[in-house]
Structures are given as C-alpha cells and as structure tokens.
Amino acid sequence: MRVLMIGANGYLGRFVADRLLADPAVQLTALGRGDDADVRFDLASGSPGALTRFLDAVHPGVVINCAGATRGGARELARHNTVAVATVCEALRRSGCGARLVQIGCGAEYGPSQPGSSTAEDAVPRPGGPYGVSKLAATELVLGSGLDAVVLRVFSPAGPGTPAGSPLGRLAEAMRRAMQSGDGELKLGGLGAQRDFIDVRDVARAVHAASLSAAQGVINIGSGRAVRLRDAAAVLARVAGYGGALHELDGPPGPLRASIGHPRSEPDHGAPAAYPYPYPDGCGSWQQADVRTARDRLGWRPRINLEESLADIWMEAACRI
C-alpha cells in the first residue's frame, strides 16, 4: 500500500510515521516543508495543481494529513489548518489516483461540553476559539468533498514528545525546575480543567487502522475518561519522585491526590473553580470522548494508560536536568 503522509515531522506525525514504517506492507512517502521530507511542499502556499501533479506521479492509495498549526493568530491558524486542507481536497479531486484521505481533526472542534457527559460524533460542534474553528472548517471541507475520507477527532494527546508549551509539558517543566533548584514547594495554577488524554502511540494505531478501513465520516479518538489536570500533576510528582508539596493556586485546600490509574467508582463532576490560567483549547472545564465508534468501526481501543504517558513525559523532561 502506497501512503503519502503530510506532516510526518510533527508531534503526532512522527509516531504515525513510525507506526506505518513498521508495517512491511506500507510504502511511505513523506511530504512537508522540512528538508528531511521526501518531497518539499508547503500546503498553506502551494497550489492544488502542483499537488495534483505529484499525486498523479506517486499514485498513493492513502493520503494521511497530520499537518497543521496549534498556535498563532486566527489568520495563521486558518491558513495552516483550513486553507491547507482545502488544497489537499482539491488536489485529490483533480487527481486520478483515487486515494483515501485520513484527516487528523481534534476534540477542540466540539468546544465546551456538559460536565459528566461523553461527547459523541453526532454532537453539534461549537468550538470556543480560533483553533477549534479552523479545524472544524477543515473537517467540513473534508466531509463535503465527496472523497473517500475519514476525520479522526483526536482529543488531548499525551506521551513522549509532548510539546513543552502544552499544559502537561508545562507541568513537567515546572516540576523539573523545582527539583533542580531543591524547592520543597511547587505552586501550580489552572489545574481545574478535566480533559480526555490519549497517548500519541494509541493515536498512531488509530490512524493506521483508519487507513486500512472503509470507515468514513468523523470518528473520535480518546481514552473515554476525563482526568483533572490536578490529578495528572499529582501522578507526575509521584513518577518523578518529587517529594515536595504541591499547592494549587486558587484551588481547593488540601494536598493533591494521585488518582490516575486508580479511577474513582463515580467520577467527580463538581464544577471547578475559576482558575487564572485556563486550559487554552477553548473547551471549558470538561471534555470526555465517546469512543464507541472507534471500537466498532476501526476495531481500535486505547492501550496505554495516562500514568505511562506521564512517565514518558517526565523522562524527557528529566533529561534536561
């Protein structure tokens, strides 16, 4: 199977590429802006005609798009997340390759949801910020393209390679600095949000499965369980061996408890306090995926728990000590 992958050097793309390269039946070609791509092409500025000529030459059976931007202003996000996908869809329509498209979407397309609920694919998307808007626009372009296509809405990816600027990356960096300086107390803010974290290696497995399947439309990729950042911080402290006290700024009094890997019989759905550093995805205080469609249509289930993901995040942070 010939696969053309866009964004192979990104956070998710690296793991997807590794997963595909491990499959002896896959012949992978990487397209991107970097010098290490097999073919250099900028989706945000390149023309559909130029991409069509390349598709006709390579004739892939599957095109996987992991490219995009998570930060920047509205115009930049629209250019990299929406215009780029419009280019891919138009090039595929013009090409004679007939390739299947696997587009990586995100849980931010849904926007805020009711605490305690699980968001299914038929939920009405109401993104709460420009990033989610730009990704939702890309999804709508794919769904309306008439192509053989599937959009995987990935919720909150975690694990090795987690960007230092992400909430979990910032937690690990703050803990690393505290341990390096010998601080016996770590003050953290913005830990009230609850998110559905999914390991990047499980995401890669889902992309691989989607490329081989006939599934179309939107499919959620998540763990199916919301976890407070407060609890993630407590587990990160444990796996890091940090013996100091964790204090949450503007949070509830008392020590932070490690509950990841040992879920409560009933989830805590209490409304969190207003924190000075809100989770930056525009999804409010709660997000949890309904992942039954991924199970039923892709035969996929998450395998890696958040404690293992956090341990890998810490291992990379600890290397900077």
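Which residues point one way from strand 5, and which the other way? R100, V102, I104 and C106 lie on one side, L101, Q103 and G105 on the other, and all are buried (under 20% relative accessible area with a 1.4 Å probe, protein chains only; exposed is over 50%, partly exposed in between). In a regular strand the side chains alternate between the two faces of the sheet.

This is a predicted model, in which local features need pLDDT of at least 70 and side-chain atom pairs count only at pLDDT 80 or more, while totals for chains, interfaces and linings use all residues. Residues are numbered from 1 along each chain as its sequence is written, and side-chain values use heavy atoms, with hydrogens and water left out.

| Partner of strand 5 | Sense | Bridges |
|---|---|---|
| Strand 4 (residues 62-65) | parallel | 4 bridges |
| Strand 6 (residues 149-154) | parallel | 6 bridges |

I104 stands opposite L152 in strand 6. V62 stands opposite R100 in strand 5.

S309 sits in helix 9 (residues 306-318) and counts as buried because its relative accessibility is 1%. Its side chain makes a polar contact with that of D199 at 2.6 Å (N or O atoms within 3.5 Å, one able to donate a hydrogen and the other to accept it; residues adjacent in sequence count only if both atoms are side-chain atoms).

K187, in strand 8 (residues 185-188), counts as exposed at 55% relative accessibility.

Technical notes
Helix = DSSP H or I, 4+ residues; strand = E, 2+ residues; numbered from the N terminus. Pairing = 2+ DSSP bridges.
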